[in-house]
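These are my notebook entries on one protein structure. I wrote them in the order in which I looked things up.

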Amino acid sequence: MSLIDLLTGNTGNQVAEQAENKFGISKNQVIALLAVATPLVISYLRNKSQDNKEAEALNNALDKDHDGSILDDTSQLEARQSEGGSILSHIFGSEKGNVENQLSQNTGISIDKIGPILAMLAPLIMGYIGKEKQQNNVGSGGLGDLLGGILGGAQTQAQQQQSNPLNDILGSVLGGNQSQSSGNPLNDILGSVLGGSQQKQQNGGGLGDILGGLFGGK
């Protein structure tokens with residue numbers, strides 16, 4: 001399953017519906033958050049995996065807790081929310097507050113809800129990475145290449161299939177991430193989103209509004 005398929009297929013739809021019901025925000029906003037947060041998490045993990053200890057820790061975590069079964073049973077997400085919070089604290093470290101603030105501003109999701117929603121999404125993202133790791137038979141030494149390949153493949157697919165606003169966002173996000181990197185995934189990814197959709201944001205409520213009309217306008 002490609003990253004695009006994860007976000008635009010049944011799994012992404014089910015997750016968005018769960019978050020909409022639990023947090024009272026629009027499905028569009030959740031999809032927009034997924035579209036930006038997923039590449040962001042993967043980029044941070046790719047950077048961390050350049051350190052051998054971090055790569056080994058990630059490899060062990062994926063083997064132990066993230067076999068990909070959550071992709072077929074998204075009902076696990078709510079029960080694993082506290083686990084998701086711990087995952088995000090490790091991935092983002094001291095930047096966690098800044099990441100949440102930036103994502104809140106760019107999706108229109110209030111700051112008090114962004115953290116809990118991200119915590120709900122984190123095990124899904126890890127499950128996706130874990131499944132890809134299993135299918136490609138990758139160990140700790142190959143995680144950086146695997147994560148880079150996930151992002152690169154999604155970039156190509158998004159740019160080839162720019163038939164809806166979500167793919168436009170993903171193409172912008174991933175294109176900015178892969179080229180002219182500043183070394184900081186937050187700056188690279190959110191900078192590309194702001195650059196690619198500045199005009200649309202000035203006329204609405206951020207990424208969630210860009211997706212208006214998609215998925216039945218919810």
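**Entry 1: the core.** I began with the largest nonpolar core, which has 54 residues. A nonpolar core is a set of buried Ala, Val, Leu, Ile, Met, Phe, Trp, Tyr and Cys residues joined through side-chain atoms within 4.5 Å. Buried means under 20% relative accessible area, exposed means over 50%, and partly exposed lies in between, with a 1.4 Å probe and protein chains only. The residues with the most contacts inside this core are L3, L33, I42, L45, F92 and L103. I then listed the helices that each supply at least two residues of the core: α1 (3-8), α2 (10-23), α3 (27-48), α4 (52-65), α6 (81-92), α7 (96-107), α8 and α9. Helices (H or I, at least four residues) and strands (E, at least two) are DSSP runs, numbered from the N terminus.

**Entry 2: where the numbers come from.** I noted that this is a predicted model, in which local features need pLDDT of at least 70 and side-chain atom pairs count only at pLDDT 80 or more, while totals for chains, interfaces and linings use all residues. Residues are numbered from 1 along each chain as its sequence is written, and side-chain values use heavy atoms, with hydrogens and water left out.

**Entry 3: the whole chain.** I looked up the secondary structure and found 12 helices and zero strands. Of the 218 residues of the protein, 53% count as buried. The accessible surface comes to about 9000 Å², and 42% of this belongs to carbon and sulfur atoms. Such areas come from the Shrake-Rupley method with a 1.4 Å probe; for residues, only the protein chains shown count as cover. I also looked at contacts, meaning heavy atoms within 4.5 Å. Among contacts between residues at least 6 apart in sequence, 73% join residues at least 24 apart.

**Entry 4: L33.** I went back to one of the core residues with the most contacts, L33. Not counting residues up to four places away in sequence, L33 touches T38, L103, T107, I109, I114, I117, L118 and L121.

**Entry 5: α3 against α9.** Two packed helices are described by the angle between their axes and the distance between the axes. The axes of α3 and α9 come within 9 Å and cross at roughly 155°. Axes here are lines fitted to C-alpha atoms, for helices over the stretch in contact, and angles run from 0 to 180 degrees between N-to-C directions. The two helices are therefore roughly antiparallel; angles over 145 degrees count as such, under 35 as roughly parallel, 65 to 115 as roughly perpendicular and the rest as oblique. From α3, the contact is made by P39, I42, S43, L45 and R46. From α9, G144, L147, G148, I150 and L151 take part.

Entry 6: Y44 lies in helix α3 and is buried, with a relative accessible area of 7%. The C-alpha atoms of Y44 and L147 are separated by 9.8 Å, though these residues are 103 apart along the chain. N47 also lies in α3, but N47 is partly exposed at 31%.

Entry 7: Is G130 buried or exposed? At 2% relative accessibility, G130 counts as buried. G130 lies in helix α8 and, leaving aside its neighbours within four places in sequence, is in contact with L62 and H66. The C-alpha atoms of G130 and D67 are separated by 5.2 Å, and the two residues are 63 apart along the chain.

**Entry 8: a loop residue.** I ended with N137, in the loop between α8 (111-135) and α9 (143-160). Phi of N137 is near 55°, a positive value in a residue other than glycine. N137 is exposed, with a relative accessible area of 71%.
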